[in-house]
Amino acid sequence: KVIKLLQEHKIIDFRSYNYDEKDIFDIRRKKYYNTEKGICAEYRFLIDIEEGYEYDFKFNFTSLYDKEKWFMKTRRSLLELGFPLEKIHIKRDNFSRRLHTNITSNIENYGSYRNLLEGGDYYLIDGKTTQPRLLWIHLNEIGLQDEKLNYIFDNGLDFYQYILDRIPALNNDRDDAKELFTTWINGTGYIDTEKKSIRDIFPVADVFIRKYKTTNYKNICRLLQYKEADIFIDDLLNEVPVDFCLTIHDALLVKVEDKDKVLQWCKERRPDMVFTLEEVKKKNP
């Protein structure tokens, strides 16, 4: 953020060794770095640093990181859990913008956040049927109306139970229903014959999914995960009215004393989502 400000005000500029010549009428310099060789980006001053001069920035620095409050909240929460500063890991991936931390990665000596935090002091505010709901939200945002998806979510029905009732091959197994949805959304296009009627149940969504996968079958996966990250990180985590909060995919991890307050806040802030409370317990072996 600060480097960008210094560049915009012609105080520093990046070092470049190559050019982007895709447009011969607009040849652009490219910042040079190489992650494989460990070569970092470099900057140089455009002003005389021996003489120097005073420059008044017309900028509200207090709001510089308003959109990234999630970072400091995550850092503060990990410190509170006892992770040493030098070992704190906070990173967002390029594919989906999901947040990876010490909690979401393998935790040394604990194995999972459930083992680390079980005991009643922490709760998850969990998004229910998040991926199907995000698909429905996106279709509505772009002006596509799938009658059955609208019926399910407008009436507060359980998406997975809905398809269990209509696809006998799922044998009323909720895990199989979730796997079928994942295959439909994230797969290369093949669905078992006895289960492919999901395409007929949601015809508008199916056409959208097929077209969206034209260039890459992973496009829908990225789209939904990106929307999930936008809601749970850039919105909820960024603005949640408590000091301690961490995200684990489509859930917020909070202290027991904050659980009711944050649950109500999430419901009011995102009425298009459904949230439930779950005490952090060890999973059954």
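## Strand pairing in the sheet

In which sense do β8 and strand β9 (residues 251-255) pair, and over how many bridges? In this predicted model, β8 pairs with β9 in the antiparallel sense, over two bridges. L246 has L253 as its bridge partner in β9.

Both strands belong to an open sheet of four strands in the order β8-β9-β7-β10, with antiparallel pairing. The edges are taken by β8 (246-247) and β10 (275-279); each has a single partner strand, so one side of each is left without a neighbour in the sheet. Helix α11 (residues 259-269) packs on the sheet and touches β7 (122-127), β9 and β10. The direction of α11 makes about 160° with that of β10.

## Packing of α4 and α10

Helix α4 (residues 130-141) packs with α10 at an angle of about 95°, and their axes are 10 Å apart. Angles of 65 to 115 degrees count as roughly perpendicular, which means that α4 is roughly perpendicular to α10.

On the α4 side, the contact is made by T130, Q131, L134, L135, H138 and E141. On the α10 side, L223, L224, K227, E228, I231 and F232 take part. By class, the residues of this contact are six nonpolar, three polar and three charged.

## The cavity

The count of cavities of 30 Å³ or more comes to one. The largest cavity has a volume of about 60 Å³. R98, L99, E228, A229, F232, I233, T247 and H249 line the largest cavity.

Helix α10 (residues 219-239) gives the most to this lining, with four residues. The lining divides into four nonpolar, two polar and two charged residues.

Definitions and conventions
Residues numbered from 1 in each chain as written. Predicted model: local features only at pLDDT ≥ 70, side-chain atom pairs only at ≥ 80, totals over all residues. Heavy atoms only, no water. 1 Å grid on protein atoms, 1.4 Å probe; cavity = no way out; pocket = protein on both sides within 12 Å on 5 of 7 lines; lining within 4 Å. Points joined across faces, edges and corners; volume = space filled by probe spheres on them. Nonpolar A, V, L, I, M, F, W, Y, C, P; charged D, E, K, R; others polar. Axes fitted to C-alpha atoms, helices over the stretch in contact; angles between N-to-C directions. Parallel < 35°, antiparallel > 145°, perpendicular 65-115°, else oblique. Contact = heavy atoms within 4.5 Å. Pairing = 2+ DSSP bridges.
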